Amino acid sequence: MTYTKRFDGRKAFDEIRPISAKAGVIPRAHGSAVFTIGKTVAYAAVYGPRELHPKFLQNPKTGILRCHYNMMPFSGSGERVKPGPSRRSREISLVTEKALQPVVDLSQFPNAVVDVFIEFPQTDAGSRCAGICAASIALADAGIPMTDLVAAVSVGIVDDKVLVDLNYDEEAYEEGPVADIPVAILPSTGEFSLLQMDGEISKENLLKALKMGQKAVAQINSVQKQALKEKYAGQEADVADSNTSGGEYHDE
Amino acid sequence: MSDVTSVLKVQSRDVVVPGEVLAVGMDYLPSFGTYRSRETIRAARLGLVTVEGKVLKLIPLSGAYLPKRGDMIIAKVIDILMSGWRVDTNSPYSAVLQLKDASSGYIEKGADLTKYFALGDYVSAIITNVTSQKLVDVSMREPGARKIIGGRIIEVSTNKVPRIIGKQGSMVSLIKEATGCKITVGQNGLVWLEGHPLMENLAVETIRKIEKEGHISGMTDKIKAFLDSRLKETKHFDEEQ
């Protein structure tokens, strides 16, 4: 077996690439975030809730969520990514939407729409997961009612090793079997809202991989929380010294 | 607490994010912006926690304005209908101003409605009704409702409107007195001001300051000091001229 250690120098097979996140990076959007995992960078901007046209798309019972996934032309490994919608980007937009749907509650906004635009200036595998992570921070930043922050990561096998967060070199490994399984998890309940697979995997390895994924997701979730708290931290500090005088809050 | 197993995981006025655990145990009660799943109470949006006895609720820090009956808003005319106007409310839903609600006078059927309010005009109006499907009616046959002429309109975060108004309007009247501007604050986050151009600038600056630091206690005093110092500066400036 030739695959014995991570190609990018990571120490362990359950180690994710370095992650960072920041909320409120696009001032004109109602909510926004950037999420970086290794060399993959995802920007998400949320607009809405706002009026939805054409009218036949409206749902009188609830607002709808619309996601738009897009890789920028220069975001690949140097080959130009053809701009514009493609079969792949439509699929990823759809699964992103479905991954986020279980946490957002748009019942207060009938007939309206919340648009999530996810853009990638740079990708190195795991982009749909990075996109979901960025989008859930941006949705929270926009003040959308939601029960949880969805976190996502890819897991899988390369050769005979079970691992998390494959980079492009690992995904493209040719001397043995590869399985790439992007998963999105609701950290509060441990439920999965995205589970796709490219490749083959045994039942035992799949269960092992998903366990590792759950651990990785906990790390990602704390970074997401941190990003939001940092943005609103000023208010927290200000509030701390207002503790002495109650009743500063009245709703009119 | 009667039950030792109930634990509060946050302090009042912490910033919390969706899904964050606020309390464990059945002794606490979820209110606005929070939800219970089995033993735990979690945040259902981004906001500031307030603990009122056993009740946990969130004050939103972001999010769109949602029309509410009785609110005074500043709206922009975006369409002219058969018998009224459609106005943009700076929220996900536009509102309708019916002909009969538009003025205390009588407007004849078939009159040229643009003579009253043209496209792009701003009005201050009261929300009279909101349906479950968010069809919104506004009226101008109410005290304080009028067509807005002159001045300027700025947009502020709708969650900061109560801070800008202050208790019984203390904050906004402070700014009015200090700058001599006329100011109308709409619940939907649009603020109209009119006065001396320099004073308008100062008022805008003050409002931005409140928006940024809105949750500090003794904010009124702070703003007062800020306005006083800035007014002195302008006076010097005027004398030099």
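Predicted model: local features only at pLDDT ≥ 70, side-chain atom pairs only at ≥ 80, totals over all residues.
Select I207(B), which lies in helix α4 of chain B. Helices here are DSSP runs of H or I with at least four residues, strands are E runs of at least two, and both are numbered from the N terminus. At 1% relative accessibility, I207(B) counts as buried. Buried means under 20% relative accessible area, exposed means over 50%, and partly exposed is in between, with a 1.4 Å probe and protein chains only.

Residues are numbered from 1 along each chain as its sequence is written, chains are lettered from A and ligands numbered from 1 in the order in which they are written, and side-chain values use heavy atoms, with hydrogens and water left out.

**Colour chain B by confidence**

pLDDT is the predictor's confidence in each residue, from 0 to 100. Chain B has a mean pLDDT of 90, and 94% of its residues reach 70 or more. Go to helix α5 (residues 219-240) of chain B: among the elements of chain B, it has the lowest mean pLDDT, 79. Then pick strand β13 (residues 136-139) of chain B, which has the highest, 97.

Give each domain of chain B its own colour: domain 1 (7-60), domain 2 (72-148) and domain 3 (152-240). These bounds come from an automatic or database domain assignment. The C-alpha centres of domain 1 of chain B and domain 2 of chain B lie 39 Å apart.

Show the strands β2-β7-β8-β4 of chain B. In that order, these four strands form an open sheet with mixed pairing. β2 (15-16) and β4 (29-30) of chain B stand at the edges, each with a single partner strand, so one side of each is left without a neighbour in the sheet. Two strands pair if DSSP finds at least two bridges between them. Strands of a sheet pair through backbone hydrogen bonds, either parallel or antiparallel. β2(B) pairs with strand β7 (residues 47-52) of chain B in the antiparallel sense, over two bridges. Click V15(B), and find L48(B) opposite in β7(B).

Next, select strand β17 (residues 190-194) of chain B. Four of its five residues are buried, and the strand is mostly covered. Strand β15 (residues 152-155) of chain B runs antiparallel to β17(B), joined by four bridges. Here I154(B) has V191(B) as its bridge partner. Strand β16 (residues 182-185) of chain B is also antiparallel to β17(B), again with four bridges. Look for T184(B) opposite W192(B). β16(B) and β17(B) form a hairpin with four residues between them. In the turn, G189(B) has a positive phi of about 95 degrees.

Start at T2(A), in the segment before β1 (19-23) of chain A. T2(A) is exposed, with a relative accessible area of 53%.

Now take β2(A). Is this strand buried or exposed? Seven of its seven residues are buried, so β2(A) is largely enclosed by the rest of the structure. G31(A), A33(A), F35(A) and I37(A) point one way, and S32(A), V34(A) and T36(A) the other way. β1(A) and β2(A) pair in the antiparallel sense over five bridges, and A21(A) has F35(A) as its bridge partner. β2(A) also pairs with β3(A) in the antiparallel sense, over seven bridges. V34(A) is partnered there by Y43(A). The hairpin of β2(A) and β3(A) has two residues between the strands, and G38(A) takes a positive phi near 60 degrees.

**Last stop: the largest pocket**

A pocket is an open set of points on a 1 Å grid over the protein atoms alone, where a 1.4 Å probe fits and protein lies on both sides within 12 Å along at least five of seven lines; lining residues have an atom within 4 Å of a point. The largest pocket is lined by 39 residues. Select P27(A), A29(A), H30(A), E155(B) and S157(B), which lie nearest its centre. β3(A) gives the largest share of the lining, five residues. Domain 2 (72-148) and domain 3 (152-240) of chain B both give residues to this lining, so the pocket lies between them.
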